[in-house]
Amino acid sequence: MDVEGPQALCDLCLDQVCFSLEALCNKRGDGSMSLIWAPVFPQELTDQLLQNMTTKGILNDTTVGIFRNCEKLRLRRASIRRCPVSAEAFRLALCPHQLLELDGSWVSGGLSGADVISGLAGSSQCRVSLQGLSLSGLHLDWGALEADVGACGSLGSLQNLRMLRVDNTDLTDDILEEICSLPRLETLDISCSTVSNLNALIKCKNTLRYFIAHRLKQLDMSPASLLFVFSQLNVLRHLDFSEDHFAVDDSDGRGADEMLQQLLEGGPQVLPSLVSLDISGRKRLTEAALRAFVESRRGLAFIGLLATGLSFCHVLSSRKNLKVTGEANEDQVREALRKYRERECFVREALLHLYSLTADTEKPQPDTLKLVVGVMQSHPESLQVHLVATACIFNLTNQGLAEAMPVSLISSTVSQLLHAMKTFPNHQQLQKNCLLALCSDYILQDVPFDKYLAAMLVINWLSNHEEPTMQRMAVAVVSILVAKLSTEEMAQLSKDILFMKQLLAMVQQKAMVGVIDSTLKFALSALWNLTDEMPTAARNFIECQGLELYEEVLESYYSEPSIQQKVLGLLNNIAEVEELQADLMDEDLLEHILSLLKNSQVEVRYFAGGILAQLASRTEAWTLDEELRTTILKQLHESVITWAHPEREMVSYRSFHPFVPLLQPCQPSGVQLWAVWAVHLVCSQNSKTHKQRRPWGS
């Protein structure tokens, strides 16, 4: 059972609104959308609708127009994160609302920090209501703001602003001076900015409680000057002065490290209110200084130590309620993934340690898996993150662990694996990681995901790689995926002749040396399913010389029922297509198939009988000696009446269409007998959908 439970009704309704937005709206003259009719939305629901549109990637200049209706859709906490929204669309749709918070991070529609602040400051409501603002990743364009006389000092007009994020921006020392003049500023994030001096922080020393300054690459202050600034921040509760350990050489960050060493050793009189300190990535700090800091701060709740070499310090284990990011154990690594989700340098480091720590895990860890998927989603283009994350996914879902986790979590995990395969098609190790994770009977059979996309990705990978172990896994995955596709997806796939050629090449490669292995069986199963009631695929099979190959396989593996069953099953599919029956009119082939009616295995007799029944049922299409047809009909009748019902499930069908012509009163008794026996078999075995049962254990 899915422990996360079903999706909330509210979420389902919002999903439907997003899906039906075109039908629910009219277009204004400027192309923006306007709801044709809407009730007065509860305020929280409006926030959720905007968030939903943002998450689904459908928020843009056109769709954001629905929020111009401030009477019916009232926003308080608005997020347009990573959406293509222009300055004009932002001003018209969001600024008229009484916003409490706005996340405009990484907006891609040309919106600048100056545009955001100018728009908000121009709204009498936002000037009073706004408390939180995120401009992460934006070009601030402060010069444009200052050039606009009407907006002069507009940041200062946001008098109630308590939280401001300007990380990953072109923040300068002058802009920092203006920011620190805000009278109620409590939280400030200037990470990865171009600031060189932090003296401006003294302006807000009586209000600043949270200061995040990860990787200040251009900071140019002496250790003494830095320590003096921080010693003034008497109400500061959280300080993040972490560094990207991958980017630091022996000279970078030495002054900041020396300042932090002094801070650690300085006792509680320096930053007396501090309960959270993040120094991850700082490699020059000593264990003695850390021990002194932790022992002197009884109220310490969090310390970031990832990539410092200090997370194994014994003093940490004595503080049961202290949260730590590090690499000493899984709790520290999970905390790192949770805390640093947006920081690629720390995500990579944490994932590397998680991979080692989970190599032999035997207990399901859904929370950990969810964190791994989350950081992959946060870094969709990072090869390094996906390379290690996919390896972690294999550890966390291997050996039946996936079956004990929520289905929705495994489904989103597989979707992320497919994204990785699609994004990095030429990276062999990453593709291998994904295949290893996908190669699970439970995942392939019972977990919902885009199986058509998965089949295409795997077969494309297979066409460029010949490593035997990976080849076996890839073909195994494909053989199951093909059997799980819908009729429409199968029809689409059957048009891809490359897919057919690749599988036939696999069969030929094995058959040439007489190998009987799982790779051969999986390839035969995939081809069988691919041609099931798919005339296009059956025609492609013949055009790719598949018929000649299968005749050779049928003769070469005459003593292998498992191989013969799969070969005959596909030939059955061809025989069901009237316009292709002429291709099977070969006397040697039919006499060989006729001999198989005496095989000891009922599966072989059944499929041999099916081919013969289809071909012999149409007298107008029969082009061989009539005596052969008479012999076939006689032996088919004699054989079918002796068949015992198989003990295990043998075959299933998409429909009963192949049997209908064979059950007509005008048909010979042998043909009718085979069709009746087949219908009874399918009905009594309660099969699900496809002709070929899953070949996982083949």
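Here is a short chat about a sheet, a salt bridge and a charged patch in a predicted model.

Colleague: What makes Asp 15 and Lys 56 a salt bridge?

Modeller: Their side chains meet at 3.3 Å, N to O. The cut-off is 4 Å between a side-chain nitrogen of Lys or Arg and a carboxyl oxygen of Asp or Glu, so the pair qualifies. The structure holds 23 salt bridges.

Colleague: Where in the chain do the two partners of this pair sit?

Modeller: Asp 15 lies in helix α1 (residues 9-19), while Lys 56 is in the loop between α3 (43-55) and β3. They are 41 residues apart, and the pair links distant parts of the chain.

Colleague: Why are β3 and β12 called edge strands?

Modeller: The open sheet has 10 strands in the order β3-β4-β5-β6-β7-β8-β9-β10-β11-β12, with parallel pairing. Both β3 (77-79) and β12 (323-325) pair on one side only.

Colleague: What makes the group with Glu 548 and Glu 591 a negative patch?

Modeller: These two gather on the surface with other residues, including Asp 583 and Asp 625. Asp and Glu count as negative, so the patch is one of negative charge. Helices α26 (546-556) and α28 (587-595) each give two or more residues to the patch, and Glu 591 has its place in α28.

How values were computed
Residues numbered from 1 in each chain as written. Predicted model: local features only at pLDDT ≥ 70, side-chain atom pairs only at ≥ 80, totals over all residues. Heavy atoms only, no water. Pairing = 2+ DSSP bridges. Helix = DSSP H or I, 4+ residues; strand = E, 2+ residues; numbered from the N terminus. Patch = residues over 30% accessible without salt bridge, like charges linked within 9 Å, V, L, I, M, F, W, Y side chains within 5 Å. Areas by Shrake-Rupley, 256 points an atom, 1.4 Å probe, with all protein chains shown as cover. Charge placed at Lys NZ, Arg CZ, Asp CG, Glu CD.
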